[in-house]
Amino acid sequence: MEKRYKGIITSKEGLGTFGYIPELKERYLAFARGNLIKKKIKKIFVGDYFEGILTEDKKIIIEDLLPRKNQLFRPKIANVDKVLLINTIKNPPLNTGMLDKLLVAYDYYQVEPVIVFNKIDLVENEEDKKELQKWEKIYTDAGYTVIKVSAKDKENLGSLVHFLHDNICVFAGASGVGKSSLITAITGVEIKTGEVSRKTKRGRHTTVGASLIPFGENSFIGDTAGFSKVDLSYIMDERELSGFFREFAEYTCKFNDCMHITEPHCGVKEALENGEISKERYNSYLKILEEDFAVNIKRD
Ligand SMILES: Nc1nc2c(ncn2[C@@H]2O[C@H](COP(=O)(O)OP(=O)(O)OP(=O)(O)O)[C@@H](O)[C@H]2O)c(=O)[nH]1
Ligand SMILES: [Mg+2]
Ligand SMILES: [Zn+2]
């Protein structure tokens with residue numbers, strides 16, 4: 001009888017689907033057995049765990065897909081355990097509006113987010129240093145883990161490696177922040193990287209789609225394309241939003257469905273007034289309500 005191997009889908013490219021078999025430490029072109037399609041498994045995702053056999057010409061025939069723990073659509077990866085949200089203070093400039101949306105989205109999918117500031121080698125003048133310190137404090141106080149690194153100087157990469165054991169860990173964030181560079185610096189696997197445009201100060205989506213890079217015995221790192229748009233109204237109701245602003249969830253309001261805008265006896269607004277909740281995070285919450293959920297907010 002043919003040996004059944006366990007493996008994981010690592011990429012889906014123009015050329016086809018690729019699967020990695022840890023036992024053989026090798027990546028192969030993979031095809032699904034016809035009956036898999038009949039079992040109503042519509043689409044194979046990067047991150048899917050499978051069982052399959054190896055043909056004589058070194059191709060995987062996928063016989064079974066294991067149940068998914070989760071399924072992210074941006075990026076399109078299944079079974080994600082952790083996400084490292086990569087940011088920069090400079091080049092490209094920090095976009096905390098985007099970061100706050102991603103923090104909400106990943107909490108919603110129950111994927112633990114870690115906030116990473118890359119390119120700290122570029123944080124040189126006092127103004128930039130203050131900026132970095134300010135955001136580090138805001139996000140730490142809000143209940144997130146914040147790590148500062150430089151892919152270029154290989155600074156503090158060990159603290160990222162710490163999160164990569166026995167799981168699928170995805171690197172996400174805007175184009176040009178250095179996701180691919182960090183993965184190369186950590187794994188030694190060369191991945192195509194791109195310059196940040198001098199004119200727009202933005203990256204150019206060098207990485208297309210998503211792929212998993214094997215790391216150590218049992219870990220995989222997901223490199224994804226940077227994205228520029230996230231609309232939270234596709235995944236949740238406007239009244240659910242504040243529950244995913246971690247630090248807001250600690251306070252109680254008079255009304256159970258309080259949206260913390262103009263309602264009386266609002267614990268969140270009280271915490272904002274006495275400085276327990278940062279005005280940056282609160283304003284970001286209002287901005288998401290306006291932009292993604294079309295809530296009309298009158299400001300004084
Ligand atoms: N100074 C400095 N530059 C860096 C650092 N990390 C990455 N870069 C540069 O930033 C540019 C973009 O890096 P990429 O790794 O391609 O960025 P990405 O996040 O993968 O971008 P997309 O694939 O487009 O989403 C490249 O020119 C890198 O050399 C860093 O720590 N310091
Ligand atoms: Mg990239
Ligand atoms: Zn409230």
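Predicted model: local features only at pLDDT ≥ 70, side-chain atom pairs only at ≥ 80, totals over all residues.
I began with polar contacts and counted seven residue pairs between domain 2 and domain 3, both residues at pLDDT 80 or more. A polar contact here is a pair of N or O atoms within 3.5 Å; within protein, one must be able to donate a hydrogen and the other to accept it, and residues adjacent in sequence count only if both atoms are side-chain atoms.

Residues are numbered from 1 along each chain as its sequence is written, and side-chain values use heavy atoms, with hydrogens and water left out.

Next I looked up salt bridges (a side-chain nitrogen of Lys or Arg within 4 Å of a carboxyl oxygen of Asp or Glu). The rule finds five across this interface of domain 2 and domain 3. One I checked joins the side chains of Glu 112 and Arg 246, at 3.5 Å from N to O.

Then I asked which element gives the most to the side of domain 2 that touches domain 3. It's α2, with nine residues. Helices (H or I, at least four residues) and strands (E, at least two) are DSSP runs, numbered from the N terminus.

Last, I got the area: domain 2 and domain 3 bury about 1500 Å² between them, with 60% of it on carbon and sulfur atoms. That is accessible area (1.4 Å probe) lost on putting the two parts together, summed over both. On the domain 2 side, Lys 101, Val 104 and Tyr 108 supply 40% of the area buried against domain 3, more than any other three residues.

Notes. Chains lettered and ligands numbered in written order.
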